[in-house]
Amino acid sequence: MEEQRKFPDYEAKWQKVWAEHKQAASDSTTPKSDRDFYILSMFPYPSGKLHFGHALPYTLTDSMARYLRMNGYNVLDPTGWDAFGLPAENAAIENKIHPSKFTYDNIEAMRKQKHAFGYSFDWDREVFTCRPDYYQWTQWIFLQMLEKGVAYRKKARVNWCTHCNTVLANEQVETIVKDGDEFQACFRCESRVIIKEIDAWFLRITDYADRLLAGLDKLGDKWPEKVSNQQRNWIGRSEGVNIDFTAKLSTEETLTVFTTRADTVFGVTYVALAPEHPLVEQIIAQLDEKKAKQLREFVKDTLAMSEQDRAGDAEKEGINTGFIAVNPLSGEEVPIFVANYVLMYGTGAVMAVPAHDERDHEFAGEYRLPIKQVIEPVNDDEVDVAEEAYTEHGRLIHSGAYDGLTTAEAVKKIAADLKGKGKGGPQVNYKLRDWGISRQRYWGCPIPVIHCPKCGIVPVPENELPVKLPDDVDFLPTGQSPLTLHPDFQKTRCPKCGGEDARRDMDTMDTFVDSSWYFLRYTDPHNDEKIFDRAKCAHWAPVDLYIGGREHAILHLIYARFYTKFLHDIGLIDFDEPFTRLYAHGLIQGESIKVVNEHMNRYVSAEEFAKLKKEGKATDKDITRRIEKMSKSKKNGADPTALMEQYGADATRLAILFLGPGDADSAWDPNGMKGPYGFLRRWYDTTLQCAPMVEDIGEAPAGTEYPPAAKALRAAAHSLIDKVTREFEGRYAFNTAIAQGMALLNDITSFVRANKQPDGPSRFALREAFEAMVVTLSPFVPHTAEELNQVLGHKESVFKRAWPKADPAAMQLDEVEIPVQVNGKLRGTIMLPSKATKEEMEQLAMANENVQKFVEGKKINKLIAVPGRIVNIVAK
RNA sequence: GCCGGGAUGGCGGAAUUGGCAGACGCGGUGGAUUCAAAAUCCACAGUCCUUCAGUGGGCGUGAGGGUUCAAGUCCCUCUCCCGGCACCA
């Protein structure tokens, strides 16, 4: 009886060998050549546990890195830690551990897990964003931005997470629906976001809007369209026209509106201001007390809502200020409203055209404002603007000199005329807003500026960097920056005037700042003189292939592009796009089970459900199964590290890759380990069993004649080489490459069973098949490949071997099976030499017995023979 | 509403880009082995009809139409699902 054996038992051994003979990336200053390849997976936040969200991209990255090295590339494949951030701080508050300890402990644990998976990262280049030797340069970049006016401070209405007690950037706010209630929430903790007015630092990413857009075009199909589109959407460029109305207050003021439909300007029946509009204050000051109070309250109530909540399904409301605005083109006088539906976008003021804008139409209906049609359809649309706004393009009417023009013509002409009159002109607006980076929390990068009562804002001199984050801080979140509570940190001298009562800025930076440039630091991670050596950076960067999740489509990926452009502008680097190709991997989801019956109404794990079933507390009828994102609350998670401990790293890597194409979401099946694990075991056993037959023979001499079965085996082996190579050369659908590997093992098994005592040529073929498997599958399952490589008699590491080339001649079989159709329906197959001519194919096809049955008594209209593919007979 | 992406057996997913639909794996069924089970190995397996059987045939890639000798793949119309954005003037 065989004892329960431990399989695999060789992974730790090979990991040790690799550690001793590592293939590190070279530290070169020569210009980047096309043999230098920078592959990068997004570095993780050190949560302490490696989950599928990490295991998939790292496995993809590692496989590609190994493939590239075997193909003679000089590869950089680093990793590090996005180590600042709120989870550490929150955990610290909960468990009373210092965020620093929490973070480093987690890093230690995750580093072990990464090693255990056999990932071949360049560990020598590991970076930690929370270490002074890194954030010194985060601060340094900030100072450069300050100098160039890209970083600036302003009092602004910002998103504020009530749970995290800190500011959030626009990109970090998401709309969520909970219990039918839709609201704006923090991307991290899903708590409600409110608007708060606060002094904060901003980065002028809006100045880069056009370049960020142009860059997307340049990246083209090297980036998934999905991601590019999301970014385009987010930047939200819109071309329109600014039109200066004259507001008749006690003085005449210019009131500029932005519109994309300047052609409807003769249809304006009122002008509406956002409650935040600067003119509103002025208007309030000029109203009588009662009216002023009413308006002031309206503004206050509206602003109490977050901008997005205001945009939700709130009723349109507004207040007629009683003041008048003059239309610069028609000369018409229209009332000025302050309205809740007008956002502080564009100029924060709109010209309202109820006849041709749904929102204005709704508002006009409520406040009984006139509706004036100025566009008529050019098709046969029915139009009744009293009923419904007509928003299509058309031809102008009731528009004085512009009558008869089309929308497009009119917009152009009106813009030009306005410009000529000095009353406005073409204008481009963006939805993108500047990036607010001040965070009122502790565990982040300190902002290197000093507030001096005399000199104002003074940058910390570069030679005093880093501004170190103090350890001894009471970091309970109060809504105030924890650093405020640290007396020594905040007290400092003004570097400019030497004044003693200067204070440091006590906020820290958004953690997305830390990760906006880390990929450049990897190229020269230990430089303590400079952010990085220019030549060293140029040797590797930009990143050739960046692998990460789609959840960063807007956040990290837009910030990193912005930073790269800035660093390019200050002359530090020659490129202005950081990631030449982006691979957005999918999400591994899990099946959740929700039980609803008289006992319970909640999610249960698969094991729990099995137990409940046994106890009779739940049946298949009581449950809803859904494939969704793994989460604790849904109890549908699976832990790759646990799988690795049970089945080994290779089986886990294989299972992850085999699940489906890496860029698609796929569902984790708890049985998903069985196939890959069984495959590795059979492969191992079969190789060991056959080794005596093949280990001592060398290469087959040229001109070797193979028996048909051996020939078929060779064809299969070379097809595997061809298939795997093709997948690595761009498609990356490794599930199909692995499937082909499994198929070859099946072929080997049948071959061995049918050839108990193989002759010489058969043994060559068999060896070739084993070799093909070992080498081509080594990027996916490095330990097993390394082990079997040794079993086959190789002394050197499989990763030192050259990647094989498929031999087209070997892939070609002597005879092929060709399907024969009659009128497009399969009626038989014929065997014939692969080099057969069309005529031979046709002849043999017609001779087929079953085919005969279907063409009998019919006239052959056409005969189509595609060599090597198919024969189709058209008969009537 | 707008922008993307999807829909193929019981399940995950294949299909060299127009050429035998369902590779490979899971689950399932039958068999071998076993006192029995697990594990392992072998075989079968889209679906419906037909034949005692070997067999033979119809139908099949979300729905409907079209192009073609030939359509999962190309074109038109529609439905549903997923992701993102959304009072952005």
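This is a predicted model: local features need pLDDT of at least 70, side-chain atom pairs count only at pLDDT 80 or more; totals for chains, interfaces and linings use all residues.
In which sense do strand β9 and β19 pair, and over how many bridges?

1. Strand β9, which covers residues 193-203, runs antiparallel to β19, and 2 bridges link them. One contact to look up is leucine 203, whose bridge partner in β19 is tryptophan 435.

2. Now for the sheet around them. The strands β6, β5, β9 and β19 follow one another in that order in an open sheet of 4 strands, with antiparallel pairing. Because β6 (166-168) and β19 (435-436) each have a single partner strand, they form the edges, and one side of each has no neighbour in the sheet.

3. Next, the cavities. You will find 5 of them with a volume of 30 Å³ or more. By class, the lining of the largest cavity holds 5 nonpolar, 6 polar and 5 charged residues.

4. The second largest cavity is also worth a visit, at about 70 Å³. Its lining consists of Glu126, Val127, Phe128, Arg131, Asp133, Tyr134, Arg521, Pro525 and His526. Two or more of the lining residues come from each of β4 (127-128) and α5 (132-147). Sorted by class, the lining of the second largest cavity has 4 nonpolar, 1 polar and 4 charged residues.

Note on methods
Residues are numbered from 1 along each chain as its sequence is written. Chains are lettered from A and ligands numbered from 1 in the order in which they are written. Side-chain values use heavy atoms; hydrogens and water are left out. Two strands pair if DSSP finds at least two bridges between them. On a 1 Å grid over the protein atoms alone, a cavity is a set of points where a 1.4 Å probe fits but cannot get out, and a pocket is an open set with protein on both sides within 12 Å along at least five of seven lines; lining residues have an atom within 4 Å of a point. Grid points are joined across faces, edges and corners, and a volume is the space filled by probe spheres set on the points. Ala, Val, Leu, Ile, Met, Phe, Trp, Tyr, Cys and Pro count as nonpolar, Asp, Glu, Lys and Arg as charged, and the others, Gly among them, as polar.
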